[in-house]
Amino acid sequence: PVGKRTGRSYCASHASAQNCFLYSVCRGRRYCVMWGYLVMPGRACAGTEEINGGNAGEYDSLFNVANSHCGGSSCVLIVNPMHHRTQEQLHIHFRHYNGGGAGMKAAL
């Protein structure tokens, strides 16, 4: 089941698995931008749980790329949490928030 198979080694060694589709499409590239709303690394990384102080700098560029495609004060970058994703490959959704998001931002 999705969420039980996490970690770099899963998609790196199971690239043809359905929940590694994003990894298989982008594998070997620095990063990929897909469908006008996703950015992902070209190497296996299940999610933010694999990012730490030692490798965080490697992922900064992904967030910068996502932000460059969306940008502005209404841009949000979203990553699905562990156990709540269909893909075991880190991918960043970039979108502009709607009216509900504007209200939430104002409340903060």
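**Figure 1. Glutamate 49 and its salt-bridge partner in the predicted model.** Glutamate 49 counts as partly exposed because its relative accessibility is 32%. The structure shown here is a predicted model. The side chain of glutamate 49 meets that of arginine 85 in a salt bridge, with 3.0 Å from N to O. Glutamate 49 belongs to the loop between β2 and α3, whereas arginine 85 belongs to the loop between β3 and β4, so this pair ties together parts that are 36 residues apart in sequence. In general terms, side chains of opposite charge can pair when their charged atoms come close.

Figure 2. Arginine 85 is placed in the loop between β3 (75-78) and β4 (92-96). This residue is classed as buried because its relative accessibility is 7%, and buried means under 20%. A polar contact of 3.0 Å joins the side chain of arginine 85 to the side chain of glutamate 49.

**Figure 3. A salt-bridge network around arginine 85.** A salt bridge of 3.8 Å, N to O, is formed between the side chains of arginine 85 and glutamate 88. Arginine 85 and glutamate 88 are both buried. Through salt bridges that share partners, Glu49, Arg85 and Glu88 are joined into one network.

**Figure 4. The salt bridge between glutamate 58 and arginine 43.** Three salt bridges are found in a search of the whole structure. One of them is the pair of glutamate 58 and arginine 43, in which the closest N and O atoms are 2.2 Å apart. This pair links distant parts of the chain, 15 residues apart: glutamate 58 is in helix α3 (residues 56-70), and arginine 43 is in the loop between β2 (38-41) and α3. Glutamate 58 counts as partly exposed because its relative accessibility is 40%. Arginine 43 also counts as partly exposed, because its relative accessibility is 36%.

Figure 5. How many cavities of 30 Å³ or more does a search of the whole structure find? The search finds one. The largest cavity holds about 40 Å³ of space. Its lining consists of Ala46, Gly47, Val79, Asn80, Arg85, Gln89, Leu90 and His91.

**Figure 6. A nonpolar patch on the surface.** Phe21, Val25 and Trp35 form a nonpolar surface patch, and together they have about 300 Å² of accessible area. Valine 25 is located in helix α2 (residues 21-26). Is valine 25 buried or partly exposed? Valine 25 counts as partly exposed because its relative accessibility is 31%.

**Figure 7. Glycine 28 in a loop.** Glycine 28 is located in the loop between α2 and β1 (31-34). With a relative accessible area of 71%, glycine 28 is exposed, since the term applies to values over 50%. Glycine 28 and histidine 91 are 63 residues apart along the chain, and their C-alpha atoms are separated by 15 Å.

Conventions:
Residues are numbered from 1 along each chain as its sequence is written. This is a predicted model: local features need pLDDT of at least 70, side-chain atom pairs count only at pLDDT 80 or more; totals for chains, interfaces and linings use all residues. Side-chain values use heavy atoms; hydrogens and water are left out. Patches are made of residues with over 30% relative accessible area and no salt bridge: like charges are joined within 9 Å, nonpolar side chains (Val, Leu, Ile, Met, Phe, Trp, Tyr) within 5 Å. Accessible areas come from the Shrake-Rupley method with a 1.4 Å probe; for residues, only the protein chains shown count as cover. A salt bridge is a side-chain nitrogen of Lys or Arg within 4 Å of a carboxyl oxygen of Asp or Glu. Helices (H or I, at least four residues) and strands (E, at least two) are DSSP runs, numbered from the N terminus. Buried means under 20% relative accessible area, exposed over 50%, partly exposed in between (1.4 Å probe, protein chains only). A polar contact is a pair of N or O atoms within 3.5 Å; within protein, one must be able to donate a hydrogen and the other to accept it, and residues adjacent in sequence count only if both atoms are side-chain atoms. On a 1 Å grid over the protein atoms alone, a cavity is a set of points where a 1.4 Å probe fits but cannot get out, and a pocket is an open set with protein on both sides within 12 Å along at least five of seven lines; lining residues have an atom within 4 Å of a point. Grid points are joined across faces, edges and corners, and a volume is the space filled by probe spheres set on the points.
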